[in-house]
Amino acid sequence: AQARIGLIGLGVMGANLSLNIAEKGFPIAVYNRTGSVTDDYVASAGDLAQQLFPAKTLEDLVASLSTPRAIIIMVQAGAAVDSVIDSLTPLLDKGDMIIDAGNANFHDTRRREAELSKLGLNFIGMGVSGGEEGARHGPSIMVGGDKKSFEVIRDILEAISAKHHGTPCADHFGPDGAGHFVKTVHNGIEYADMQMIAEVYGVLRDGAGRSAADIGKLFETWDKGQLQSYLVEISGKVLQTIDEKSGQPIVDIIVDKAGQKGTGRWTAIEALSLGQSPSTIEAAVAARSWSSVKDTRIAGEALFAELEPEKGAAKISDDDLEKALLAAKIIAYDQGLNLLSAASDEYDWNLDLASCAEVWREGCIIRSTMLDEMASAVREGLPQGNLIFSPRFAQRLVEGSSALRRVVASAALQGLPVPAFAAALAYFDTMRQGRGTTDLVQGQRDFFGAHGFVRIDTGETDQHGPWASDIAHS
Ligand code: 6PG
């Protein structure tokens, strides 16, 4: 018998993904650079070992695959991927396919796809979300690359993916880097979602003096309502967990410096390059970066110790916090979807935004019941392309934005940072202001640089103010 697919890299994600593939009945050849890792992996695979073709060399791996070959690479994103590709390509035949299942930067995916297609090889950039558990039992899978190649492995991907009422959370989104870009924006939204939940925690902990367990219980309640989501669920669990060593709530012994591997930052960088600004995601990236300078924050706390909170901050109710989180979350998704649409235009991907929301309904880190409704809203058509204008969500924002406003105002008066909430509110208020304030910015630009402006009354473009003559007369 021959293996249907191969996988290189038996780290946590690769090992779990390959066991998932084996369990769904697809014989799979596996290879790891350190051979003992492969031996241990096979030894612990139990009955599934029958479906595994352990390979000691890349040559062995390639030889054990049916053709056209399909090989998944699950190694650290970046240079390691290029190095595996370089070793693998001389062993492959035209029509074979390499699938990068890591969190690649989509620019790298586009480059690799272009290079490999010159050799007659197909390159698939595949975003996989859901962590260890997802990889083993059902991740959300976002595929980019040649559609015909996707069709070759579609049965495997659909079998191993999470299901939403039977519909596989695995889809093809477009050529070259489309899948990895959708995964990147997924992670950007993940950052915003996580940050907003952390802001609620901060308001309750530092503003209301509530215990971790108490806040955790509140999240547990919210997880049964409109805010039902994996991230709210695990936040409730994290907050209610006690550290065995100290007997303290575990959050109280975790250093408040957030790590970041890059996908949130890439989302913000790509957005800015495309003339977009997903401010909730940017705020979440900023909050992680600011968190890393802990010594500075400690010095700042001492330096500004005498600063008293302003008077007049209203007590924030749990109900307002729940509604504010809901509103801010809708706004974050609005911004994420706008970014996907801008990238789709720029790179000619023809992305189906509703499919993106659909593939995120189960398996991935941002999964939530609300995503199903978001997908429906996108399918029905978004007015001006904005989720916040869709009939399904606009009404919720009418109510939710008042709560968000009260939370941001009270947090500001109390001196509690809520950067993602504040960003969400500013975006919402900007999007419901038909006349903004950039008429003055245009005036300033024309004054100092003759950059020109458009007249409201006649629609004439490239107009100039009488500034030059004013300057001359003064
Ligand atoms: C997922 C996660 C996963 C990973 C993040 C963490 O969808 O399964 O997003 O990809 O946990 O990359 O990213 P940070 O280290 O940047 O938080």
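Questions and answers on the structure follow.

Me: What kind of model is this, and how are its residues numbered?
Reply: Residues are numbered from 1 along each chain as its sequence is written. This is a predicted model, in which local features need pLDDT of at least 70, side-chain atom pairs count only at pLDDT 80 or more, and totals for chains, interfaces and linings use all residues.

Me: Which residues does the UniProt annotation "active site" cover?
Reply: The annotation comes from an unreviewed UniProt entry. UniProt positions are given in the numbering used here, feature names are shortened, and annotations may be inferred rather than shown by experiment.

Me: In which helix is Lys183 found?
Reply: Helices (H or I, at least four residues) and strands (E, at least two) are DSSP runs, numbered from the N terminus. Glu190 lies in helix 8, and Tyr191 lies in helix 8. Lys183 is found within residues 178–207, which form helix 8.

Me: Is Lys183 buried or exposed?
Reply: A residue is buried if 20 or more other C-beta atoms lie within 10 Å of its own, exposed if 12 or fewer, and partly exposed in between, with C-beta atoms placed from the backbone. Glu190 has 24 other C-beta atoms within 10 Å and is therefore buried. Lys183 has 30 other C-beta atoms within 10 Å, so Lys183 is buried.

Me: Which residues are in contact with Glu190, leaving aside its neighbours within four places in sequence?
Reply: Two residues are in contact if their C-beta atoms, placed from the backbone, lie within 7 Å. With residues up to four places away not counted, Lys183 touches Asn103, Gly127, Ser129 and Met142. For Glu190, with its neighbours within four places in sequence left aside, the contacts are Ile365 and Ile366.

Me: Which residues come nearest to the ligand?
Reply: A residue is near a molecule or strand if its C-beta atom, placed from the backbone, lies within 6 Å of it. Helix 8 and helix 11 (263–273) each supply at least two residues of the shell around the ligand. Of the 13 residues around the ligand, those that come nearest are Ser129, Asn187, Gln260, Lys261 and Ile365.

Me: How do the residues of the shell around the ligand divide into nonpolar, polar and charged?
Reply: Ala, Val, Leu, Ile, Met, Phe, Trp, Tyr, Cys and Pro count as nonpolar, Asp, Glu, Lys and Arg as charged, and the others, Gly among them, as polar. On that basis the shell holds two nonpolar, nine polar and two charged residues.

Me: How far apart are the farthest two C-alpha atoms of the "binding site" residues?
Reply: The unreviewed UniProt entry lists residues under "binding site", including Asn103, Tyr191, Arg445 and His451. They span 349 residues in sequence and do not all gather at one spot, because the farthest two C-alpha atoms are apart by 49.6 Å.

Me: What is the order of the strands in the open sheet of eight strands?
Reply: Two strands pair if DSSP finds at least two bridges between them. Strand 7 and strand 10, for example, pair in the parallel sense over four bridges, and four bridges also join the parallel strand 4 (residues 70–73) and strand 5 (residues 97–100). The pairing of the sheet as a whole is mixed, and its order is 3-2-1-4-5-6-7-10.

Me: Why is strand 10 described as largely enclosed by the rest of the structure?
Reply: Residue Ala170 of strand 10 stands opposite Ile141. Strand 10 is largely enclosed because, of its five residues, the number buried is five.

Me: Which peptide bond is cis?
Reply: Most peptide bonds are trans. Pro68 is found in the loop between helix 3 (58–63) and strand 4. The cis bond, with omega near -5°, runs from Thr67 to Pro68.

Me: What is phi of Asn350?
Reply: Most residues other than glycine have a negative phi. Asn350 lies in the loop between helix 14 (318–347) and helix 15 (353–359), and with 11 other C-beta atoms within 10 Å Asn350 is exposed. Its phi is positive, near 55°.
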